[in-house]
Number of protein chains: 2
Amino acid sequence: MPTIIAVDIGGTQMRAASYAPDRIKPIKQKKIPTLASTPGGLGRLLHVIEEVWPSDGSVAAIGLGSPGPLDPHTGYLLAPPNNPEWHNFPLAPNVEKHFGVKTYLDNDANLAGLAEYRFGAGRGHHDVLYFTVSTGIGSGVIIRDRLLQGYHGLAAELGHSIIDPNGPLCSCGFNGHLEAFSSGPAIVKYVLGELESGTRSILHRPDKGGRDVNMTARDVAEAAHQGDELAIRAYQRAGEYLGIGVASFLHAFDPSIVIFGGGVSQVGNLLFDSFHESLKKRVFHPRYLEGLVITNAKLGDDAGLLGARALAEMQINL
Amino acid sequence: MPTIIAVDIGGTQMRAASYAPDRIKPIKQKKIPTLASTPGGLGRLLHVIEEVWPSDGSVAAIGLGSPGPLDPHTGYLLAPPNNPEWHNFPLAPNVEKHFGVKTYLDNDANLAGLAEYRFGAGRGHHDVLYFTVSTGIGSGVIIRDRLLQGYHGLAAELGHSIIDPNGPLCSCGFNGHLEAFSSGPAIVKYVLGELESGTRSILHRPDKGGRDVNMTARDVAEAAHQGDELAIRAYQRAGEYLGIGVASFLHAFDPSIVIFGGGVSQVGNLLFDSFHESLKKRVFHPRYLEGLVITNAKLGDDAGLLGARALAEMQINL
C-alpha cells in the first residue's frame, strides 16, 4: 500500500504524519518544535519524517508545506521568515536525496486551499478560492481541479492585490494591498490611528511602560462585542475592503466556492456582514453570485498537513 | 481530414473561415455585415458558415466568438450589446442542431488570448495573460495550457478589476475598474475633465455645434506626439494604472508572458513607458519579473477567428 508522508513546517512547530491513500486519519503522527532560528533545521526535518515512517517501509511520496516565498517547481525555499539558514535552500531536493523518495513543496496557504478542496469545505467543487485571514492574508486557488502555482511558483498571492494604490503600507513594504486593509494587524493599525486622532473608545493606546503594548485583533473584537463603536467600525472597514477584493477575484477566477480560514475570519458577522454587503455592491454582474458558496474552512490546524499530503498525492497522480 | 469552421461575430462584421488542422491559412473564408440590430441574425450566421463549408463535407467542430456576456459551458449568449434578438439566446446549440456538428462559443477577448497563445505572440508559453486595450479592456488567461473560463464561464474579466474603490465610473456602471482608468474612452474622459478645470492644451472641449463632438484616444495621442502636456499626462496616467493592475495580476496568475493588443496599445512608449515604470514599482517580489515577456499581440484582426478555431480544436482535443 503506497503511503504518503506529509510535513507542515510552521513558525513554531513541525508536524509530520503518514497516510494510507484511503484514510483521512494518519497512520503515525509526530510534532516537534521548528526552532527556525536555531541551526540544524534540515536534520530536525529528516528526523521527524523518520519518526512517522511506516513499519512496512514503503513510501510513495513526501509532501512539504512551509511559509513562502518558495519555488514549488524546484522545491527551493527562497527567503523564509526568521530562518537565515534556509535562504535559497533546496529543501525538497535534500529530503528527496536522503530518503530516495519523490518530495514536493508548496506554501502553507496554497496547501491549506488544496486541503479544503480535497478533504474540507470545498469537496465536490472544481473552482475554489481559499483565504486565510490572520496576521496576513494568504490564499490558495484551485482551477478546474488543479492547484494554481504559476510560472515562477508565485501565483495566488491575492492578499497582495492592490486594492487602493494610495492605501496603507502592507507588511511586505508595498502600499494598498488587501492584507494592509483586512488582516488582523491592519485592523489594529486602523484602531491605533483613530485613537491617535482622538476617537473615543474603550480601547486605548499602548502605554509604553504598561501592559497594553500589543493590542491584538482579538482585543478589538472583544471591544466590538461590548458595543465599542470604533472597534465595530474597524471590523466593518476590514470586511468592506475584503468584499472589494473578493469582487475583483470573482471577476478574475469565477469560482463556485470561496472559503475563509484563519483567526480573524472566526469573528463571524462582525467581519462578514459588511463583507457580504460590500461584495454584493461591487460584483459587476449578478451571475457571479448564482450558486456561489461562501463558507468557513473546516480543517482547522490540520489544513497544512492534509494539504502537504494532497500535494504529494496530486503530483504522483494518486 | 477533419476541418474546423470558425466564426468571429464582431460588432460590424461576421467573419467565417474553414481550416485544415495543419495549416494556419484558411481553406475558405467569407465576411458579411453583422447587422446586429436587424432581425435574422441566426440565419445570417448559418449562411456564412455554409459559405465556408469544405467541399468534402466533413467538419469536426465549429467555434464561435462573440462579445460577452455569454456562457461558454452552455453556448448561450446572455446579453450581447445592441442585439435584443440574442438576449439569453442558445447560439451554439442552434448552430450545432442545424449542422449536426459540435459547436463551441466563448467571448472575443478570451478567444483572442487563446489565439495569441496557440498561433501568435504566446507560442511556446504555458501561462499567458492577454489584454486588449481599446474602447474597453478585455482579457484572456491561459493557465498551464488551459483557457481560464470559470464556473459560470465569466472568468478573466480583468478589465473589471477594482483598482481604486473611489475611482471613476466604468462603462459597466461600477466604479474604479481598470477599464475606467486605462481604456481609450477613459483617456478621453480624463482629458475632458482636465479641460473643464481649465488646464491648457491644444486639445479643446467639444463644441456642440461644431466638428469636435467626439474626441478620441487617437486625437489625444496625436496631441501628445505634438508635445501637448495634458495629452502626454493622460496617457502616462493610463499607463500608470495599467501597471498597477498588471502588478496585481502577476501576483494572482504569475504568467510567463503578458501580451497587449487593441488600438490603444499601439501608441507604444506614450503608454508603455509609464506602464513599465509603474509595474516595476508595484510588483512586490522581483522574481515575478524574471524572464517575464511583455510584448504586443501578433495576430491583429485575425485573432478572433483563430481563437474560435483554437477553441473548437481545444474542445475536441485536436
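This is a predicted model: local features need pLDDT of at least 70, side-chain atom pairs count only at pLDDT 80 or more; totals for chains, interfaces and linings use all residues.

Q: How many helices and strands does chain A have, and what makes a run count as one?
A: Chain A has 9 helices and 13 strands. Residues are numbered from 1 along each chain as its sequence is written, with chains lettered from A and ligands numbered from 1 in the order in which they are written.

Q: How do you know whether the radius of gyration of chain A agrees with a compact globule?
A: The rule is 2.2 Å times the number of residues to the power 0.38, and the radius is taken over C-alpha atoms. For 318 residues that gives a value near 20 Å, and chain A has 20 Å, so the two agree. Its C-alpha trace spans about 65 × 55 × 35 Å along the principal axes.

Q: Which parts of chain A are called domains?
A: Domain 1 covers 3–114 + 301–315 and domain 2 covers 121–297; such bounds come from an automatic or database domain assignment. Their centres, over C-alpha atoms, are 28 Å apart. The contact takes 13 residues from domain 1 of chain A and 16 residues from domain 2 of chain A, where contact means C-beta atoms, placed from the backbone, within 7 Å. On the domain 1 side, H3(A) brings the largest share, 7 residues.

Q: What makes up the side of chain A that touches chain B, by class?
A: The contact takes 36 residues from chain A and 36 residues from chain B. The chain A side has 19 nonpolar, 8 polar and 9 charged residues. Ala, Val, Leu, Ile, Met, Phe, Trp, Tyr, Cys and Pro count as nonpolar, Asp, Glu, Lys and Arg as charged, and the others, Gly among them, as polar. Helix H7 (residues 229–253) of chain A gives the most to that side, 6 residues.

Q: What share of chain A is called buried?
A: Of its 318 residues, 54% count as buried, meaning 20 or more other C-beta atoms lie within 10 Å of a residue's own.

Q: Which residues have the most contacts inside the largest nonpolar core?
A: Val220(B) and Tyr235(B), in a core of 202 residues. A core is a set of buried Ala, Val, Leu, Ile, Met, Phe, Trp, Tyr and Cys residues joined through C-beta atoms within 7 Å. Leaving aside neighbours within four places in sequence, Tyr235(B) is in contact with residues including Ile187(B), Val220(B) and Leu271(B).

Terms used:
Two residues are in contact if their C-beta atoms, placed from the backbone, lie within 7 Å. Helices (H or I, at least four residues) and strands (E, at least two) are DSSP runs, numbered from the N terminus. A residue is buried if 20 or more other C-beta atoms lie within 10 Å of its own, exposed if 12 or fewer, and partly exposed in between; C-beta atoms are placed from the backbone.
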